[in-house]
Amino acid sequence: MNKPSTLQKRVLRAITEHALEARKLLARIESDNGHGSEGGRNPAYHRLVSKIRELEAAAVAGGVPREWIDQTRYRGELGMTWRADLHWRDHAPIDRPQLLTNLGNEVRQVREIAAVAAAYGQRGALAEAGTSQLFARNLDTLARRVAAIAHLLNLTTSEAEHLWGRENDWAAAAHRVSGASEASLKDRWRTFARLDTRTAACQVAALSDAGIGAGVAGNPAPSAPHIVQRIQRHLHDSPGHPAAGPAVATDHSAGTGHPVPTGGGSSRDPRVRFEAVRGEQIAESVDAAGLSRDLRPVFRSATDTEPSPPGAVRVNGLEP
């Protein structure tokens, strides 16, 4: 096939339009400043160029030929608008099996992070709320990138099942954390909170602007909360693991429809939820607090004693 699919056209059109916008912005900056060398250092222009670069990287990961990407970007740089009826360049064969292998590796990473969330996330949210926010946002960002790339690849049902439908993979992820010590889980949890996911976040945003994402996919990838819950079901079957104690129910009174732990004999509030898997809410709260420019995990000193749960913890597991 020597013409792009409907999904590929969305991304190629976005690349053209962003390149055209960058051209116009650069011309305006240079005209205002009177110096031809100033435009490239303009923050707005730099952000737009970065967006184009990340959109191209995501397009390659999603199976869009590099030749078509270069063709559409070049047209935008020349000031030419998008056209779908181009004579598309011949391109090298797309190695779809390799692209699916690459995506599968990313799915495994998301599953490993989600397993730590399932095993330790609730305790972590009570102990280190700031780190919990960063962990949640990283998990949500990586899960959304996987979902967006999967949509762009237009997975078949069998391909989607291969990536997400194998129950033994979920059970294995749960097994790897079920016997881990709290110290080990805490260390992994903090490590995942430190991940730099800015590139993934930029790709997710750029693909979303182009109409690519799990929300409109034919075979949508599971969301971060769904992945965590799926692993939790296997942890509940692991005798002796802390995550295996309370059952998972849905708190309809809060109007969220998200699982909350109930039951068990703990003296802690049995209805405290681990909301740190809800990435959109966490990202919004972090941005609203003005922390998005310089996000760092909030760690206690190694010499500090383990804190008790704060007395005024709200139901979302975060400090007020």
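User: Why are Arg73 and Asp70 described as separated by about one helical turn?

Analyst: Arg73 and Asp70 are three residues apart in helix 3, so about one helical turn separates them. Helices are DSSP runs (H or I, at least four residues), numbered from the N terminus. This is a predicted model, where local features need pLDDT of at least 70, side-chain atom pairs count only at pLDDT 80 or more, and totals for chains, interfaces and linings use all residues. Residues are numbered from 1 along each chain as its sequence is written, and side-chain values use heavy atoms, with hydrogens and water left out.

User: What makes Arg73 and Asp70 a salt bridge?

Analyst: The term requires a side-chain nitrogen of Lys or Arg within 4 Å of a carboxyl oxygen of Asp or Glu. For Arg73 and Asp70 the N to O value is 3.2 Å, so the pair qualifies. Both also belong to a network of salt bridges with Glu56, Arg66 and Glu77. By this rule the count comes to 17 salt bridges.

User: Why is Asp70 called partly exposed?

Analyst: Buried means under 20% relative accessible area, exposed over 50%, and partly exposed in between (1.4 Å probe, protein chains only). Asp70 has 25%, so it is partly exposed.

User: How do you know that Arg230 forms a salt bridge with Glu167?

Analyst: The closest N and O atoms of Arg230 and Glu167 are 3.1 Å apart. That meets the cut-off, so the label holds. The pair links distant parts of the chain: Arg230 in helix 10, Glu167 in helix 7 (residues 167–178), 63 residues apart.

User: Is Arg230 buried or exposed, and what does it touch?

Analyst: Arg230 has 13% relative accessibility, so it counts as buried. Glu167, at 39%, is partly exposed. Contact means heavy atoms within 4.5 Å. Not counting residues up to four places away in sequence, Arg230 touches Trp164, Gly165, Glu167 and Trp170.

User: What makes Lys51 and Asp209 a salt bridge?

Analyst: Their closest N and O atoms are 2.8 Å apart. The pair links distant parts of the chain, with Lys51 in helix 2 (residues 43–61) and Asp209 in helix 9 (residues 198–209), 158 residues apart. Lys51 has 21% relative accessibility, so it counts as partly exposed. Asp209 has 54%, so Asp209 is exposed.

User: Why is Asn154 called exposed, and what is its phi?

Analyst: Asn154 has a relative accessible area of 52%, so it is exposed. Asn154 lies in the loop between helix 5 (129–153) and helix 6 (157–164). Its phi is positive, about 55 degrees, although Asn154 is not a glycine. Most residues other than glycine have a negative phi.

Terms used. Helix = DSSP H or I, 4+ residues; strand = E, 2+ residues; numbered from the N terminus.
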